Amino acid sequence: MTPLGEKIALLIAGNGPITVADYMALALGDPEHGYYMAREPFGRAGDFVTAPEISQIFGELIGLWAVAAFEAMGAPPRLALVELGPGRGTLMADLLRAARVRPAFLAAAEVHLVESSPRLRDVQMATLGAGAATWHDTVATLPTGPSIVVANEFFDALPVRQYVRTEAGWAERMVGLDETGNLAFGLRPLAGPPSSPLPAQEKGRPAGSGAGQDTVLEVSPASTAVMATLAERLAAAGGALLAIDYGYEGPAFGDTLQAVAGHRYADPLAEPGAADLTAHVDFAALARAAEAAGARPRPLLGQGDFLARLGIAARAARLAAGKDAATQDAIAAAVNRLVAPAAMGRLFKVLAVSHSGLALPAFDDDA
Ligand SMILES: C[S@@+](CC[C@H](N)C(=O)[O-])C[C@H]1O[C@@H](n2cnc3c(N)ncnc32)[C@H](O)[C@@H]1O
């Protein structure tokens, strides 16, 4: 067992089983042994590769999107340029470089990074420069005023609760200990169905009755709370948000909790702290939270369509021009990985949210 596994097992032995959400929060965020606190997750030598690490074009196109959104906002003199979960700071660095085309954007933008890992904050500072940003533990301390917010593979790291339909009714999936003292899943019966919208096939039936046995329903109260806070700010002071992640247009049933270590799927309970843990993002729940807070969510776009609308083909051609054949091939392969439906183009989706009056590039015809 990992040191964090032992710590969690002791906690459970003392206080009883914990929810999947609490387990995820500890596995990723334990101050001493949490995955993002201790481990270098990115790149070939790490556990996974994210879009900004695949190609500089990803962050550059988001930079051009941000500039266009800024123009549509009337080029305010001060803008909070926010990134949630910036990883190595690569996306923000590429975004800011592309935004040089509009000096007024750079003059207005104050960069705010929401990052829970002190280790990754140091990496971000090394990428962007010490005075280049202000760091925040949560969205609660972000400044008020017009904002542009970007989040790539952030919401999938936020904890989910899992509910399971059993013969006896709904139960919450818990993490406890088996007879040998290892971490193991179990169930805690609920008095009624989970208090969240049930998937489409449930409609018109008594809540929960249409779900087959062992069906899993995931909800992420942490994600909807973050979205509600940001959407309220966008609605009040203007601005836009882009959330890019792998996920689905829920509600839908299914267990999407997954662990990845060394680019391979792993058992989510086997090595807490040493494997990344994620769950697919329920974009419909995020959109509902944004709307309830007074902002306007747009219909989801696949990452491939989004990048195509922002001109990825032309940008790639410009980047490849005059380069040697190996570099041109590498650029083409990276672009293909970002946009191809069989790679990231369809699985990854983009949700845009803004205050109601704003026309957004790539999402609104009049932008
Ligand atoms: C999968 S990485 C994505 C990094 C980056 N956006 C990219 O695309 O390369 C998730 C990022 O979110 C941060 N993170 C995870 N949970 C967080 C939380 N609850 N609050 C703030 N940051 C968090 C991690 O430390 C990391 O920087």
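Let me begin with a definition: angles under 35 degrees count as roughly parallel, over 145 as roughly antiparallel, 65 to 115 as roughly perpendicular, and the rest as oblique. The angles themselves run from 0 to 180 degrees between N-to-C directions, and the axes are lines fitted to C-alpha atoms, for helices over the stretch in contact. Helices (H or I, at least four residues) and strands (E, at least two) are DSSP runs, numbered from the N terminus.

Please keep in mind that this is a predicted model, in which local features need pLDDT of at least 70 and side-chain atom pairs count only at pLDDT 80 or more, while totals for chains, interfaces and linings use all residues. Residues are numbered from 1 along each chain as its sequence is written.

Now to the helices. The axes of helix 12, residues 312–320, and helix 13, residues 325–339, come within 9 Å and cross at roughly 160°, and therefore these two helices are roughly antiparallel to each other. On the helix 12 side the contact is made by Ile312, Ala316, Leu319 and Ala320, and on the helix 13 side by Gln328, Ile331, Val335 and Val339, where contact requires that the C-beta atoms, placed from the backbone, lie within 7 Å. Sorted by class, these residues are 7 nonpolar, 1 polar and no charged, with Ala, Val, Leu, Ile, Met, Phe, Trp, Tyr, Cys and Pro counted as nonpolar, Asp, Glu, Lys and Arg as charged, and the others, Gly among them, as polar.

Helix 12 also meets helix 5, residues 56–72, and here the axes come within 11 Å and cross at roughly 125°, so helix 5 and helix 12 are oblique to each other. Ile57, Glu60 and Leu61 of helix 5 meet Ile312, Arg315, Ala316 and Leu319 of helix 12, a contact with 5 nonpolar, no polar and 2 charged residues.

Three strands form an open sheet in the order 12-11-13, with antiparallel pairing, where two strands pair if DSSP finds at least two bridges between them. Its edge strands are strand 12 (264–266) and strand 13 (276–278), each of which pairs on one side only. Strand 11, residues 258–261, is joined to strand 12 by 3 bridges, and Ala259 stands opposite Ala266 in strand 12.

Which residues come nearest to the ligand? Of the 19 residues around the ligand, they are Tyr36, Thr50, Gly85, Gly87 and Ser116, and the shell as a whole has 10 nonpolar, 6 polar and 3 charged residues; a residue counts as near if its C-beta atom, placed from the backbone, lies within 6 Å.

Technical notes: Two residues are in contact if their C-beta atoms, placed from the backbone, lie within 7 Å.
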